[in-house]
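Biologist: I would like to learn how to read a protein model, one feature at a time. Where do we begin?

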Amino acid sequence: MYQHEKKPFYITTPIYYPSAKLHIGHAYCTTIADSIARFHRLEGDDVFFLTGSDEHGLKIEQKAEAAGVKPIEYTNKIVAGFQNLWKRLSISNDDFIRTTQERHIRVVQEIFRRIYAKGDIYKGKYTGLYCTPCESYWTEHQLDENGCCPDCHRPVQEVSEEAYFFRMSRYQDRVLQYIEDHPDFIQPVSRRNEMINFIKQGLDDLCISRTSFDWGIPVPTDPKHVIYVWFDALTNYLTPIGYLDDPARFKKYWPADLHLVGKEIVRFHSIIWPCILMALDLPLPKKVYGHGWLIVDGDKMSKSKGNVVDPIGLIDEFGADPIRYFLLREINLGQDGNFSRDALIQRINSDLANDLGNLLHRTLNMTLKFQDGVVEAPQGEGAADASLKQDAADAVEFFAQNMEQMELSKTIKKVWAFISRANKYIDETAPWALAKDPAKKQELANVLYNLLESLRLIAVMISPFMPTTAERIWKQLNLPQDFHSVQLEDIQTWGGTPAGHRVGTPVQLFPRIDIEAENKKYEAKLAAEKKAKAQQEKAAKKAAPEHAAKDGQISFEDFNKIQLRVAKVLQAELVPKTDKLMKLVVDLGDEQRQVVSGIAQNYKPESLIGKNVVMVINLKPAKLRGVVSQGMILAAGKDKDLEVLTVDMPAGTEVH
């Protein structure tokens, strides 16, 4: 039998960047962590589950400026969206940390002081490459084959400013040795190998402050500097467990048992974070696990592709537990996984409605019909079917061992194999036939007891994945024990369903979805959205004066299609083998783009860097001399004399 020593267990998700749009990826990572946390509570562990939001940095400042609000106003609104999503998904986090909270600011500044006093932070000048979307510093040799950020593959910006540096290079050998000596520290193995190779290329000292913007935590001894967002964000894991003000609590939970993060930020958590902890003389977390990405219908989610899946809309349509079940069952932890609406509906119909829902509904209905809803004690030789009982024991053992190893998908499939086994048991024993023979009354009672007991075990085993459904099953079984007090040890022994109590009223857990009707409804929804958009355009056209498209005139409707925004020039260079074209990399506030413009005879590249120009952003991309251009810079002039239109407005501002 599986044995477990109860202990404190500290699990974290990354603190999420306040993206303006929630997507299914947010739901995926947090649902994984929630399922693991719920399992450890079942084991009797003292669990502390942390999630939160990472709210500082240049990106946030630019987005807020473009929206015409203060950064804290911008993040407040989005953080509320995160918290609503966690509530809708039944996420059982114990704390929600915001890096803008005073309790966290105190911790970050004190950590800076301690590492500075140790001599591991010094002032210098940073000149190098910076990716604003990733808030990451890079050296030339770390860029991808196109000279862009190796993580997001967008253009990097060359920056030069006074900065404080963390002597990360001092800890290179120690971190590498730790990773090699602790093979479970970074998982899966593919991520571990990537990090080892990254470190062996050499670690530079880390720039940990900026002076070019002020949305961040001030350096305590030099407030014109703000602390680099990742130095700030990573230390969030220390704040809620009493790093500064509750030594006993901190000792109880640190080191963290598990940092669950997306594979794109494993480097920050398994290299930069350990270096910071070593500088603080603190132990390293026990495990950093990098999960994969969600692919939507075979393609990576992207706003530009229009395939970002809204989790709130899915929950409204299908419920939270089916979404949780699908994500955890379909995707092997550590690998990329595909999300498909059609596949979700198929799982709801087959696994949830047919298998689980029918098992509960049939069992309760037969108990009500044949025994007036009263559970009768099993008696006689073979009262507990040996085969079913063994299958149940195997499922519980597998559940315990594999959840401990975070094999979520594999565990769910094993539990569902037992659900199928229980359904088969109904067909094998045919209770409806036993009910017709008074001599087989006890045999019928034994069969129904075995089914009810199987459902008791199933309710507990699905609770980490589908907490609301598990509790609904428990209530329909009408079991006397408070569901929230149930422990794993309660299902390691067969026979926990008490005889003599009355079961509850069966209610369908998951009504079958009529796929044809659902598709029609979905298509109607899309058509309604399309119609509404057309009506808006029609209303705009009606409100504007009508102009015939003659004599070079265009209608107001046509003009309204042009989207103009302020763009800051980050990089500029001549296009080879041409004397007119110049390639620019510009910042639009929420993204960076490459543009080709015919202004090379009027400007030197370096004279444009830093200028805020006006750009058409919804022009179809085109290739000019083999170089992709994603928009058009506005310029005025006559013949060969051109002057780029510049404005004194922040990047991202819409031009009306």
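This is a predicted model: local features need pLDDT of at least 70, side-chain atom pairs count only at pLDDT 80 or more; totals for chains, interfaces and linings use all residues.

Modeller: We begin with a term: helices and strands are DSSP runs, numbered from the N terminus.

Biologist: Is V575 buried or exposed?

Modeller: A residue counts as buried when its relative accessible area is under 20%. V575 has a relative accessible area of 3%, so V575 is buried.

Biologist: How many Å separate the C-alpha atoms of V575 and E381?

Modeller: The separation is 88 Å, and the two residues are 194 apart along the chain. For scale, the C-alpha atoms of the protein chain fill a box of roughly 105 × 75 × 40 Å along the principal axes.

Biologist: How many helices and strands does the protein chain have, and what share of its residues is buried?

Modeller: The protein chain has 20 helices and 26 strands. Of its 656 residues, 53% count as buried. Contacts can be sorted by distance in sequence: among those between residues at least 6 apart, 75% join residues at least 24 apart.

Biologist: How do I read the pairing of strands?

Modeller: Strands of a sheet pair through backbone hydrogen bonds, either parallel or antiparallel. Take strand β1 (residues 8-16) as the parallel case. Seven bridges join β1 to strand β2 (residues 46-53), and the two run parallel. In that pairing, P8 stands opposite D46. Strand β1 is also joined to strand β12 (residues 258-262), by two bridges and again in parallel, with T12 opposite H259.

Biologist: How many residues of β1 are buried?

Modeller: Eight of the nine residues in β1 are buried, and the strand is mostly covered.

Biologist: Which strands show the antiparallel case?

Modeller: An open sheet of four strands does, with the order β5-β4-β6-β8. Its edge strands, β5 (136-138) and β8 (206-207), each pair on one side only. Inside the sheet, β4 (residues 121-131) and β6 pair over ten bridges. One of the bridge partners to look for is F165 in β6, which faces Y122.

Biologist: How should I describe two aromatic rings?

Modeller: A pair of aromatic rings is described by the distance of the centres and the angle of the planes. This model has 25 aromatic pairs. In the pair of F166 and F231, the ring centres are 6.4 Å apart and the planes meet at 65°, so the pair is edge-to-face. The cut-off for that name is an angle over 60 degrees. The pair links distant parts of the chain, with F166 in strand β6 (residues 157-166) and F231 in helix α7 (residues 229-234), 65 residues apart. Both F166 and F231 are buried.

Biologist: Which residues form an aromatic cluster?

Modeller: One cluster is formed by Y10, F48, Y237, Y243, F250, Y253, W254 and W273.

Biologist: Now a helix. Which residues of α17 are buried, and what do they pack against?

Modeller: Helix α17 covers residues 467-477, and its buried residues are P467, T469, A470, I473, W474, Q476 and L477. They pack against four helices: α1 (24-42), α11 (320-330), α12 (341-371) and α16 (441-462).

Methods:
Residues are numbered from 1 along each chain as its sequence is written. Side-chain values use heavy atoms; hydrogens and water are left out. Buried means under 20% relative accessible area, exposed over 50%, partly exposed in between (1.4 Å probe, protein chains only). Contact means heavy atoms within 4.5 Å. Two strands pair if DSSP finds at least two bridges between them. Rings of Phe, Tyr and Trp (its six-membered ring) pair if their centres lie within 6.5 Å; planes under 30 degrees apart count as stacked, over 60 as edge-to-face and the rest as tilted.
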